[in-house]
Amino acid sequence: MEVAVYGYGNIGSGVVEVIEKNQDRMVKAVGEEVHVKYVLDLREFENDPIHDRVVHDVDIIVNDPEIKIVCETMGGNEPAYTFTKKALMAGKSVCTSNKELVANHGAELIQIAKENNCNYFFEASVGGGIPVIRTINNALKQEHILNISGIVNGTTNYMLTKMGREGAAYDDVLKEAQEKGYAERNPEADVEGHDACRKIAILSSLMSGKTVDFKQIYTEGITGITAEDFLYAKKLNATIKLLAMSKATDKGYLAMVSPFMISAEHPLYSVNDVFNGIFVKGDMLDDSMYYGRGAGKLPTASAVVADVLEAAKFQGTHLGIDWCEEEADLLDMADSERKFLVRVSKECEVSTLSDVFGKGTVVTVDELSDEYGFLTDVMSEKAFAEKVNGLKGFISRLRIEEA
């Protein structure tokens, strides 16, 4: 079985490594060896064993009838989109780790694959090596998925874990994450929540069977989280996580990405460091959770290769994925309801907060003598925003996600 790899970066080189090191597993899975015939990249790799398989023209791959499967690990929208379409229209299945491309064009590329009797698989686009997409598409096909929530970005989870354990400041943990290779030099996609947003858009699309536009999802990153926030979390036997969530309602789907305070009883509380955890609620199965390494060269490459084996076993057969181009109905996040922790300076009287928010609980932290917190009752995002507007002494707020 001849395959090609688009892009020989971190994940692409990992795909080649997994295929070549675990060739015995390839043979057992598909009945023949899986061989990487081409690697598409602009660069040369003179000191790499694949140097003689590197090509610079995508049409060499597209026009080679021996190539049955392409692994797209380029990242970004273009030229990955154009190159993926070319491969699919030539009847070659494509397996990708490219969350940006899947979020932008997933339904369209699935349809092109269907028309050309091949497959577009994207297990590695969400959760790294965690088989959550295959689980939703296959093992939970009989379920109506009611809710998906999870930690889907390893960089921010590592940073928040460090802040919670060590009381470290945001800037310090970001610098350490960059030094360890967990965060990019420009970390915006991770810390502003854009990466998590694309991933929950993909999961929401699979959940609804329609297209959820990531640009319409309310997204808030972790750049405003402070060491002081974690002092309040510790006082409440809780921690802070960047959650991506999507919930089905009678009127549509509610999706968002935001930091949340979660209690020690929450199933995602113990998902730490670079690990991911995804919590899925079905109408019959009820709760299930998927945990593992959500990023990294080999875990992500392993998920790509799992798709390669699936494509190889069903060569010439399109395996339907319930995701069409019709847009899903997304609800306004302002209508969602939850509790909030409000941080205010001592100049704000407790009686004032009670007048504004009604029933609530005062939270004090010994280390913070000039401020205190107020845990509100459940209210809508819209109502909270209106109440907190112009509040004297207001410092910040944290959303609360209950188990």
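I looked up the partner of Glu72 first: its bridge partner in S5 is Thr96. The two strands involved are S4 (residues 67-72) and S5 (residues 93-96), which pair in the parallel sense over four bridges. I take two strands as paired if DSSP finds at least two bridges between them. Helices (H or I, at least four residues) and strands (E, at least two) are DSSP runs, numbered from the N terminus.

Before going on, I note that this is a predicted model: local features need pLDDT of at least 70, side-chain atom pairs count only at pLDDT 80 or more, and totals for chains, interfaces and linings use all residues. Residues are numbered from 1 along each chain as its sequence is written, and side-chain values use heavy atoms, with hydrogens and water left out.

Next I traced the whole sheet. It is open, has six strands in the order S3-S2-S1-S4-S5-S6, and its pairing is parallel. The edges are S3 (54-55) and S6 (120-121), each of which pairs on one side only.

Then I checked what covers the sheet. Helix H1 (residues 10-21) lies across S1 (2-6), S2 (35-40) and S4. H1 runs at about 155 degrees to S1. Axes here are lines fitted to C-alpha atoms, for helices over the stretch in contact, and angles run from 0 to 180 degrees between N-to-C directions.

Which helix does H1 cross at roughly 65 degrees? I found H12, with the axes coming within 8 Å. I listed the contacts, meaning heavy atoms within 4.5 Å. On the H1 side they include Ile11, Val15, Val18 and Ile19; on the H12 side, Leu298, Ala301, Val304 and Val305 are among them. By class, this contact has eight nonpolar, five polar and two charged residues. Ala, Val, Leu, Ile, Met, Phe, Trp, Tyr, Cys and Pro count as nonpolar, Asp, Glu, Lys and Arg as charged, and the others, Gly among them, as polar.

H12 (residues 297-313) also meets H2 (residues 23-30): the axes come within 9 Å and cross at roughly 30 degrees. Met26, Ala29 and Val30 of H2 touch Val305, Leu309, Ala312 and Lys313 of H12. I classed these as six nonpolar, no polar and one charged.

I repeated the check for H4 and H5. Their axes come within 10 Å and cross at roughly 15 degrees. H4 is therefore roughly parallel to H5. The contact includes Tyr81, Thr84 and Leu88 of H4, with Leu101, His105 and Ile112 among the residues of H5. Its residues divide into eight nonpolar, two polar and two charged.

I counted salt bridges next and got 27, taking a side-chain nitrogen of Lys or Arg within 4 Å of a carboxyl oxygen of Asp or Glu. One of interest to me joins Arg53 and Glu20 at 3.2 Å, N to O. Arg53 is in the loop between S2 and S3 and Glu20 is in H1, so the pair ties together parts that are 33 residues apart in sequence.

Last, the backbone. Most residues other than glycine have a negative phi, and most peptide bonds are trans. I logged two entries here. A cis peptide bond joins Glu78 and Pro79, with omega about 10 degrees. Pro79 sits in the loop between S4 and H4 (80-89). Asn117 is not a glycine, yet has a positive phi of about 55 degrees. Asn117 lies in the loop between H5 (99-115) and S6.

Conventions. Parallel < 35°, antiparallel > 145°, perpendicular 65-115°, else oblique.
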